[in-house]
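Colleague: I would like to learn how to read a protein model step by step. Could you take me through some features, giving the general idea before the case at hand?

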Amino acid sequence: MEFEKIESERLILRKLTDEIYEDILRNGSDEDIIKYLGIEKDKIEAERQKAIKGFSKFNKSLFMFPLIEKHSSELIGWYGYHTWYLDYNRAESGYGMTNEASKSKGFMGEAMPEILDYGFK
């Protein structure tokens, strides 16, 4: 699977749109879902049900960037935009860590300028 990506010193940020997210949930194996989305095995079915209902709503869009640590190739978190109103050039950002060991190491501070720059451009 090919993703548009942004790289920083220690991170690879893969662009994950609502269409790609839905496609992975609808057509991917459990292993693909864990690898690309970082969803725990016991939560996969609930996420698949959300995908059936659709993530895109009206003129809103979702862009999420899973954070991959370059050194380990491990998914350590995500950063992105939600409630993105394209007609009004407005979005909210959010982030989360999926790996406790990666907290307090400055990864979000490293990712934030890249994600904000992407949004403004």
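This is a predicted model: local features need pLDDT of at least 70, side-chain atom pairs count only at pLDDT 80 or more; totals for chains, interfaces and linings use all residues.

Colleague: How many helices and strands does the protein chain have, and in what order do the elements run?

Modeller: The protein chain has 4 helices and 6 strands, and read from the N terminus their order is β-β-β-α-α-α-β-β-β-α. Of the 121 residues in the chain, 39% are buried.

Colleague: Which residues of helix 1 are buried, and which are exposed on its other side?

Modeller: In helix 1, residues 18-27, the buried ones are Asp18, Tyr21, Glu22, Ile24 and Leu25. These residues lie on the same side of helix 1, because they cover an arc of only 160° around the axis. Glu19 and Asn27, on the other side of helix 1, are exposed.

Colleague: How do strand 1 and strand 2 run, and how many bridges join them?

Modeller: In general, the side chains of a regular strand alternate between the two faces of the sheet. Here strand 1 (residues 5-7) and strand 2 (residues 11-14) run antiparallel and are joined by 3 bridges; lysine 5, for instance, has arginine 14 in strand 2 as its bridge partner.

Colleague: My last topic is charge: how many salt bridges does a search of the whole structure find?

Modeller: The general idea is that side chains of opposite charge can pair when their charged atoms come close. The search finds 10 salt bridges. One of them joins lysine 15 to glutamate 4, with the closest N and O atoms 3.4 Å apart. Because lysine 15 sits in the loop between strand 2 and strand 3 and glutamate 4 in the segment before strand 1, the pair ties together parts that are 11 residues apart in sequence. Lysine 15 counts as buried at 15% relative accessibility, whereas glutamate 4 is partly exposed at 45%. Another salt bridge, at 3.1 Å from N to O, brings together the side chains of arginine 48 and aspartate 30; this pair links distant parts of the chain, with arginine 48 in helix 3 and aspartate 30 in helix 2, 18 residues apart.

Notes:
Residues are numbered from 1 along each chain as its sequence is written. Side-chain values use heavy atoms; hydrogens and water are left out. Two strands pair if DSSP finds at least two bridges between them. Helices (H or I, at least four residues) and strands (E, at least two) are DSSP runs, numbered from the N terminus. Buried means under 20% relative accessible area, exposed over 50%, partly exposed in between (1.4 Å probe, protein chains only). The arc is that of the directions from the helix axis to the C-beta atoms. A salt bridge is a side-chain nitrogen of Lys or Arg within 4 Å of a carboxyl oxygen of Asp or Glu.
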